[in-house]
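Here is a short report on a protein model with more than one part to look at. Start with the sequence and the structure, then read on.

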Amino acid sequence: MKKPQLENRHSPAPFLAYIIGFVLSIVTTLAAYFITVKRLWTADALIYIILSLAVVQLIVQIVFFLHIGRGSRWKAISFYFMLFVVLIIVIGTIWIMHNLNYNMMDMSPAEMKEYMHANEGI
Amino acid sequence: MTTRAKEIAETQERKSLGLWVYLMTDCMLFGALFATFATLNTHVGVFGGPSGADLFNLKFVLVETMLLLTSSFTIGLAYLCATRGFKAQSMFWLISTFLLGASFLALELWEFNQLAAEGHGWWSSAFLSAYFVLVGTHGAHIAVGLIWMAVVIFRLLQRNFKQTDVQRLSLLSLFWHFLDIIWIFIFSFVYLIGGMS
């Protein structure tokens, strides 16, 4: 088979990039797994650490595996639009539902008044 | 560059942009499912039933994750070998990817079956509904990816690599990498974080 003619347009990422990406992905996955199983921090801290490790791995995979965005502005634009929509959906939902949960706590009005007084200073 | 080669390159650019836009809309779909899961992964959603901490076997899920991660690596190798004209190696990596993906799917179905057999199916609580829909949607994507991969493999068994085949392979590998990225978030968010509460 002849070599592809378009190499100057789409120069294939070198093997090394894939190997680095693979090793980094495995390291971040195992790190997330072990800090969760061993409970190295409190649950609240663990949530942020696990999510940051996931984002690190996302960036690693985009950089080393996806080799995209070269010469395509529309890909970048649609990517940022997707990010925008997903953040609105996810953060918006969690925010609103958390508030709803909070306001729908199983309490009588008198208990709620007491609770608000104690916790919110109202 | 000849006119013909230029045409091929432009067609490929369009196809790859098309797939990319599809993947972005798919991300929005998964974003909505993740938001649903986050909402229902609470004591209200669990509804007195078992929570993630009671149900998830993290070791098992780690094995699944490693299988999918490795398959994402091997399809990258298949693509690289194809662009360099090594057909035999490329076929080897493609078939390995297929086997890894198929074993991932088999493990996931086994896990679903296990949960359902113990009476913790999608019908038993809002939390489990959200779990099955989110993870099941990813599993359905994997199944479609495997069918696509089988088609590519059969085509390549019959004929030699052409430029267009390499380009098809690049689209397939983009799709597969994307599924791996979604899985990382399922692993972190559903299993690791959901398994703590």
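A crossing of two helices is left-handed if the near helix is turned anticlockwise from the far one by less than a right angle, and right-handed if clockwise. That term is used below for one helix pair. The model is predicted.

## Chain A: overall make-up

Chain A holds four helices and zero strands. From the N terminus on, its elements run α-α-α-α. The chain has 122 residues, and 15% of them count as buried. Among contacts in chain A with a separation of 6 or more, 57% join residues 24 or more positions apart.

## Chain B: overall make-up

Chain B has seven helices and zero strands. Along the sequence the pattern is α-α-α-α-α-α-α. Its C-alpha trace spans about 65 × 30 × 20 Å along the principal axes.

Of the 197 residues in chain B, 44% are buried. Residues 24 or more positions apart make up 83% of the contacts in chain B with a separation of 6 or more.

## Helices H1 and H2 of chain A

How do H1(A) and H2(A) lie against each other, and at what angle do their axes cross? Helix H1 of chain A covers residues 15-37, and helix H2 of chain A covers residues 43-66. Their axes come within 9 Å and cross at roughly 170°. H1(A) is therefore roughly antiparallel to H2(A), since angles over 145 degrees count as such.

On the H1(A) side, the contact includes A:Ala17, A:Ile20, A:Leu24, A:Thr28, A:Ala31 and A:Ile35. On the H2(A) side, it includes A:Leu46, A:Ile49, A:Leu53, A:Val56, A:Val60 and A:Phe64. The residues of this contact divide into 15 nonpolar, seven polar and no charged.

## Where the chains meet

The contact between the chains takes 43 residues from chain A and 42 residues from chain B. On the chain A side, the elements that give two or more residues are H1, H2 and helix H3 (73-103). Which of them gives the largest share? H3(A) does, with 13 residues. The chain A side divides into 30 nonpolar, ten polar and three charged residues.

## The largest nonpolar core

The largest nonpolar core has 67 residues. Those with the most contacts inside it are B:Phe34, B:Phe37, B:Ala78, B:Leu134 and B:Ile186. H1 and H2 of chain A each supply at least two residues of this core. So do five helices of chain B: H1 (3-40), H4 (58-83), H5 (87-117), H6 (126-158) and H7 (163-193). H7(B) gives the most, with 18 residues.

Which residues does B:Leu134 contact, leaving aside its neighbours within four places in sequence? They are B:Leu33, B:Phe34, B:Phe37, B:Ile186 and B:Val190.

## Helices H4 and H7 of chain B

The axes of H4(B) and H7(B) come within 9 Å and cross at roughly 160°. That makes H4(B) roughly antiparallel to H7(B). The crossing is left-handed.

From H4(B), the contact includes B:Leu58, B:Val61, B:Leu68, B:Ile75, B:Ala78 and B:Tyr79. From H7(B), it includes B:Val166, B:Leu169, B:Trp176, B:His177, B:Asp180 and B:Trp183. The residues of the contact of H4(B) with H7(B) divide into 14 nonpolar, seven polar and one charged.

B:Phe92 sits in helix H5 of chain B. Buried, partly exposed or exposed: which is B:Phe92? B:Phe92 counts as partly exposed because it has 15 C-beta neighbours inside 10 Å. In sequence, B:Phe92 and B:Ala78 are 14 residues apart; in space they are 7.6 Å apart, C-alpha to C-alpha.

A:Trp74 lies in helix H3 of chain A. With 11 C-beta neighbours inside 10 Å, A:Trp74 counts as exposed, because the limit for that class is 12 or fewer. A:Trp74 and A:Ala110 are 36 residues apart in sequence and 56 Å apart in space, C-alpha to C-alpha.

Definitions and conventions
Residues numbered from 1 in each chain as written. Chains lettered and ligands numbered in written order. Predicted model: local features only at pLDDT ≥ 70, side-chain atom pairs only at ≥ 80, totals over all residues. Buried ≥ 20, exposed ≤ 12 C-beta atoms within 10 Å, placed from the backbone. Contact = placed C-beta atoms within 7 Å. Axes fitted to C-alpha atoms, helices over the stretch in contact; angles between N-to-C directions. Parallel < 35°, antiparallel > 145°, perpendicular 65-115°, else oblique. Nonpolar A, V, L, I, M, F, W, Y, C, P; charged D, E, K, R; others polar. Core = buried A, V, L, I, M, F, W, Y, C linked by C-beta atoms within 7 Å.
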